[in-house]
Amino acid sequence: MNVLITGATGFIGRHIVRELVKTSGNNVICLVRKTSRICDLEKLGVSFAYGDITDLDSMLGISYHVDAVFHCA
């Protein structure tokens with residue numbers, strides 16, 4: 001399952017990412033801004049979509065097929 005997480009660098013989002021990575025079969029995609037600190041997430045082997053939920057054009061540019069969204073932003 002492809003799972004998109006907004007707010008993945010925040011407190012709750014970060015914990016959700018870790019749990020989803022533990023669950024086999026999940027491809028975790030983190031929506032992050034270009035200015036976000038992602039070094040902890042990079043170590044987990046997740047994918048990144050760069051954008052901002054307040055910018056419609058950046059959201060339309062996400063090229064992943066997404067099955068589920070955890071909106072934590």
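1. The largest pocket is lined by Thr 6, Gly 7, Ala 8, Thr 9, Leu 31, Val 32, Arg 33, Ser 36, Gly 51, Asp 52, Ile 53 and Ala 73. A pocket here is an open set of points on a 1 Å grid over the protein atoms alone, where a 1.4 Å probe fits, with protein on both sides within 12 Å along at least five of seven lines; lining residues have an atom within 4 Å of a point. Its volume is about 180 Å³, taken as the space filled by probe spheres set on the points. The lining has five nonpolar, five polar and two charged residues, with Gly counted as polar.

2. This is a predicted model, in which local features need pLDDT of at least 70 and side-chain atom pairs count only at pLDDT 80 or more, while totals for chains, interfaces and linings use all residues. Residues are numbered from 1 along each chain, and side-chain values use heavy atoms, without hydrogens and water.

3. Four strands form an open sheet in the order E3-E2-E1-E4, with parallel pairing. Strands are DSSP runs of E, at least two residues, and helices runs of H or I, at least four; two strands pair if DSSP finds at least two bridges between them. Because strands E3 (47–50) and E4 (68–71) stand at the edges with a single partner strand each, one side of each is left without a neighbour in the sheet.

4. Strands E1 (residues 2–6) and E2 (residues 27–32) pair over five bridges in the parallel sense. Val 3 has Val 28 in E2 as its bridge partner.

5. The structure holds one salt bridge, defined as a side-chain nitrogen of Lys or Arg within 4 Å of a carboxyl oxygen of Asp or Glu. Lys 22 and Glu 19 form it (3.2 Å, N to O); both lie in helix H1, three residues apart.
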